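I opened this model to go through it one topic at a time. My entries follow in the order I looked things up.

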Amino acid sequence: MDSFKRRLLTEPKGNQKLEKTQKLTGVAVYSLSLAPASSSGVANLCKWASEACIAHCVGAEHNGLSQPFASIFRARIAKTEWLVNQPTEFRSRLVRELELASRRHARLGEKVAFRLNCFSDLPWIQDPLVRPTLETLYHQYGAVSYDYTAAPSRYRGWLAERPAWYHMTLSRKEHTPIKLVRDIVNLGGNVAVVFRSPAPRGAVWQGMPVIDGDASDLRYTDRPGTIVALKAKGSARQSDGGFVVDHPWGTSPALRDRSGTVRAIQARREREAYDRRCAARSVWESRSEMLPSTMALLRSM
Ligand code: SF4
């Protein structure tokens, strides 16, 4: 049996960002890393991917850890082939590993979380075998699952339901309309945007509040209604096709507060106004906030 068949989930220490997250927050995030987009040659796991994100994907063969360690990418392909050829066996195995990891960390008094789309964009939240398991593990052990997706339809489904056991962040691509991003943020959703340089504290982009998405990977702890800034990594640093956003952080008038932190006055005002709007309209709690125009836009994509 190939080594990947002994373990589908990657432990936190096998992923640099998730290991950092565990050190920072104490939450052990287990991830499932498959071969992104059509790189396996057997299936397209990222139907909503863009040209630029495929070219610069950190899970691709030419990027990230796969570059120095070819075996890592071979394992991602082997897992993808197993999923495609024996989906029931694969998902049964996945469910067993999710349960084992939850129980193991519960015994140690530790929190656990799952990220099943590390380099894929699959609707695990709709999977008849995986979904009930994730839901049960949340209620039994407090294990939260989270995801990024570029699929407006998947995000629409999640926004309508917003279950406590699963969190989703919309992943902006170069073709994502800014109106969609703005409407999602106004509805209390989160949109991940790749920026050329790190966002300073209190930053705004296109009038929307920005938080640092690189400090921790626990997307389900993000403040609702924010842009999640991710700094371009690997070959994406050289990308110039609109996937990576060049934003002139810090060009707004700035002041220095008592703690010495540089903040943009405009950013602070916009954030405070936004918070007041949220509090007044209870955006996060209300599911009836989905604006007709946003729904129409989501449906048309
Ligand atoms: S959608 Fe995400 S995982 Fe898929 S190719 Fe693009 S960046 Fe990579």
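Which residues surround the ligand? I found Pro36, Ala37, Cys46, Ala49, Cys53, Ile54, Cys57, Gly59, Phe119, Asp121 and Ala150 around the ligand, a residue being near a molecule if its C-beta atom, placed from the backbone, lies within 6 Å of it. By class, the shell around the ligand has 9 nonpolar residues, 1 polar and 1 charged. Ala, Val, Leu, Ile, Met, Phe, Trp, Tyr, Cys and Pro count as nonpolar, Asp, Glu, Lys and Arg as charged, and the others, Gly among them, as polar.

Ground rules. I number residues from 1 along each chain as its sequence is written. The model is predicted, local features need pLDDT of at least 70, side-chain atom pairs count only at pLDDT 80 or more, and totals for chains, interfaces and linings use all residues.

Confidence. I looked up pLDDT (the predictor's confidence in each residue, from 0 to 100) and got a chain average of 85, with 79% of the residues scoring at least 70. Residues 251-264 have pLDDT below 50, and that stretch has 22 contacts in the model beyond near neighbours in sequence; a contact is two C-beta atoms, placed from the backbone, within 7 Å. Residues 280-291 also stay under 50, with 15 contacts beyond four places in sequence. Where pLDDT is low, predicted coordinates should not be read in detail.

I traced 9 strands in an open sheet of mixed pairing, in the order 1-2-3-4-5-6-9-8-7. Strands (E, at least two residues) and helices (H or I, at least four) are DSSP runs numbered from the N terminus, and two strands pair if DSSP finds at least two bridges between them. Strand 1 (9-10) and strand 7 (204-205) are at the edges with a single partner strand each, so one side of each has no neighbour in the sheet. Strand 1 runs antiparallel to strand 2 (residues 27-32), joined by 2 bridges, and threonine 10 is opposite serine 31.

Valine 191. Is this residue buried or exposed? Valine 191 counts as buried because it has 23 C-beta neighbours inside 10 Å; the cut-offs are 20 or more for buried, 12 or fewer for exposed, and partly exposed in between, with C-beta atoms placed from the backbone. I located valine 191 in strand 6 (residues 190-195). Its contacts beyond four places in sequence include Ile184 and Val185.

Helix 7. I listed the buried residues of helix 7 (residues 152-161) as Pro152, Arg154, Tyr155, Arg156, Trp158 and Leu159. Just after helix 7, arginine 162 has a positive phi of about 45°.
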